[in-house]
Amino acid sequence: MMRDARPDQWSSFMWEDRLVQDNMPKIRECRIGATQAGQPKSCVITIKPDA
């Protein structure tokens, strides 16, 4: 329904979801490190080109 009603937002949502899924292990590791440090932590992720 959202895809039909708001295609631009849907496309953005799908891209963001893919980014998170592709980087889940790094995001999880970074979140754990930030929690242990008790402060924000900068982390590197990988962005794959569109196929």
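Mentor: The structure holds 1 salt bridge. Before we go on, this is a predicted model, where local features need pLDDT of at least 70 and side-chain atom pairs count only at pLDDT 80 or more, while totals for chains, interfaces and linings use all residues. Residues are numbered from 1 along each chain as its sequence is written, and side-chain values use heavy atoms, leaving out hydrogens and water.

Trainee: What makes the contact of arginine 18 with aspartate 22 a salt bridge?
Mentor: The term asks for a side-chain nitrogen of Lys or Arg within 4 Å of a carboxyl oxygen of Asp or Glu. The closest N and O atoms of arginine 18 and aspartate 22 are 3.6 Å apart, so the pair meets that definition.

Trainee: How are arginine 18 and aspartate 22 placed in helix H2?
Mentor: They are 4 residues apart in helix H2 (residues 7-22), so about one helical turn separates them. Helices here are DSSP runs of H or I with at least four residues, numbered from the N terminus.

Trainee: Why is arginine 18 called partly exposed?
Mentor: Buried means under 20% relative accessible area and exposed over 50%, with partly exposed in between (1.4 Å probe, protein chains only). Arginine 18 has 33% relative accessibility, so it counts as partly exposed. Aspartate 22, at 34%, is partly exposed too.

Trainee: Is glycine 33 buried or exposed, and why?
Mentor: Glycine 33, which lies in helix H3, has a relative accessible area of 16%, so it is buried. Methionine 24 also lies in helix H3, but at 23% relative accessibility methionine 24 counts as partly exposed.

Trainee: What is the volume of the largest cavity, and which residues line it?
Mentor: The volume is about 60 Å³, and the search of the whole structure finds 1 cavity of 30 Å³ or more. A cavity is a set of points on a 1 Å grid over the protein atoms alone where a 1.4 Å probe fits but cannot get out; lining residues have an atom within 4 Å of a point. Grid points are joined across faces, edges and corners, and the volume is the space filled by probe spheres set on the points. The lining consists of Trp15, Arg18, Leu19, Asp22, Asn23, Thr46, Ile47 and Lys48.

Trainee: How does that lining divide by residue type?
Mentor: Into 3 nonpolar, 2 polar and 3 charged residues. Ala, Val, Leu, Ile, Met, Phe, Trp, Tyr, Cys and Pro count as nonpolar, Asp, Glu, Lys and Arg as charged, and the others, Gly among them, as polar.

Methods: On a 1 Å grid over the protein atoms alone, a cavity is a set of points where a 1.4 Å probe fits but cannot get out, and a pocket is an open set with protein on both sides within 12 Å along at least five of seven lines; lining residues have an atom within 4 Å of a point. Helices (H or I, at least four residues) and strands (E, at least two) are DSSP runs, numbered from the N terminus.
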